[in-house]
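Good morning, and thank you for joining.

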Amino acid sequence: MATDPRLARDPRRINTPPQPPPPPPPRESIPQQKPLDGNNGVNGDTRNPTIPRDEGGFKLKFCTVCASNQNRSMEAHLRLSLASYPVISFGTGSLVRLPGPSISQPNVYPFNSTSYDTMYTELNGKDPRLYRANGLLTMLERNRQVKFGPERWQDWAIGKPRLDHRDDRGSAGVEAGVVDVVITCEERCWDAVMDNLVEREGNLNRPVHVINVDIKDNHEEALVGGRAILELADMLNAAAREERDRSGGEWRNGAGAGDGGASSFDDRVPDIIAEWQEKWPNLPALWSLAWF
């Protein structure tokens with residue numbers, strides 16, 4: 001059974017290495033974090049040892065979105081969670097669609113109720129050679145170690161506590177059901193998110209940055225896109241921390257002078273994206289400030 005190699009570096013999985021087991025990092029080199037009550041350590045230390053960054057202190061909250069919450073959004077979800085960012089992910093389609101034996105025979109599943117484990121078991125039982133060769137089994141093996149199953153953006157109750165998702169990677173910090181930045185992976189997904197936010201009418205009166213990073217829907221491009229999204233997240237978080245520390249206030253505590261530097265950060269976001277775009281010219285970006 002294939003396993004995403006980055007998950008092997010997660011200190012919480014040292015005692016249960018995947019198969020085949022890679023050599024674990026020295027225990028003393030990765031500090032252990034006490035797990036939250038009742039979640040078996042799933043939300044402990046999620047650092048990626050290959051990415052040096054300040055693991056403590058302020059962190060922006062992220063949401064990643066693609067069509068089926070399977071490939072691009074889940075690659076970005078995993079990378080952000082391994083970098084200790086609070087993160088959730090969704091799809092915007094009406095159903096989850098995975099390639100089948102032909103273009104006219106996709107594998108179709110409902111959002112919110114079908115687990116990645118169920119999909120893996122079903123496809124592995126149907127044609128293991130086909131679905132191993134096209135990367136679906138490897139993708140689902142990664143996904144089922146990140147969270148239960150694909151969720152639909154339009155069904156997300158924004159602002160409702162997500163206490164039933166405490167075992168998801170990256171869930172620590174997004175229990176309140178709100179995020180600071182939504183990153184979509186395709187323009188039609190960005191359109192769907194923006195249209196949906198307009199329909200919701202911003203009842204929480206909370207700003208949210210909606211950014212699209214256009215990533216082709218294949219496994220290789222998803223890996224590249226995941227790295228790019230993580231770099232963008234680091235740039236945004238560094239700027240947000242600077243503004244928050246400068247103001248000495250609580251983040252998003254309100255509007256104007258009492259928002260903990262959030263307004264100043266909002267003004268900097270377009271320039272940050274422009275700087276990031278120079279390094280990643282093959283991943284066209286869109287941005288808008290919207291409201292929860």
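I begin with a definition: a residue is buried under 20% relative accessible area, exposed over 50% and partly exposed in between, with a 1.4 Å probe and protein chains only. Buried residues make up 51% of the 292 residues in the protein. The model is predicted, so local features need pLDDT of at least 70 and side-chain atom pairs count only at pLDDT 80 or more, whereas totals for chains, interfaces and linings use all residues. Residues are numbered from 1 along each chain as its sequence is written, and side-chain values use heavy atoms, with hydrogens and water left out.

Now the fold. The protein has 7 helices and 7 strands; these are DSSP runs numbered from the N terminus, helices being H or I of at least four residues and strands E of at least two. Along the sequence, the pattern reads β-α-β-β-β-α-α-α-β-α-β-α-α-β. Counting as a contact heavy atoms within 4.5 Å, residues 24 or more positions apart account for 71% of the contacts with a separation of 6 or more.

Which residues of helix 4 are buried? They are Leu 136, Leu 137, Met 139, Leu 140, Glu 141, Arg 142 and Asn 143. Because 7 of its 9 residues are buried, helix 4 is largely enclosed by the rest of the structure. Its buried residues pack against helix 1 (72–82), strand 3, helix 2 (116–126), helix 3 (128–133) and helix 6.

Helix 7, residues 262–279, has 18 residues and spans 25 Å from first C-alpha to last, close to the 26 Å expected at 1.5 Å a residue; the expected span is 1.5 Å times one less than the number of residues. The buried residues of helix 7 include Phe 265, Ile 272 and Trp 276. Strand 6 (207–213), helix 6 (219–247) and strand 7 (285–291) are the elements against which the buried residues of helix 7 pack.

On a 1 Å grid over the protein atoms alone, a cavity is a set of points where a 1.4 Å probe fits but cannot get out, and a pocket is an open set with protein on both sides within 12 Å along at least five of seven lines; lining residues have an atom within 4 Å of a point. Points are joined across faces, edges and corners, and a volume is the space filled by probe spheres set on them.

The largest pocket has a volume of about 430 Å³. Of its 27 lining residues, Ser 68, Arg 97, Leu 98, Pro 99 and Asp 217 are the closest to the centre. Strand 3 (96–98), helix 4 (136–144) and helix 5 (187–200) each give two or more residues to this lining.

Strand 2, residues 87–91, gives the most to its lining, with 3 residues.

Finally, two loop residues. Asn 69, in the loop between strand 1 (62–66) and helix 1, has a positive phi of about 55 degrees although it is not a glycine. Asn 69 is buried, with a relative accessible area of 0%. Ser 84, in the loop between helix 1 and strand 2, also has a positive phi, near 75 degrees.
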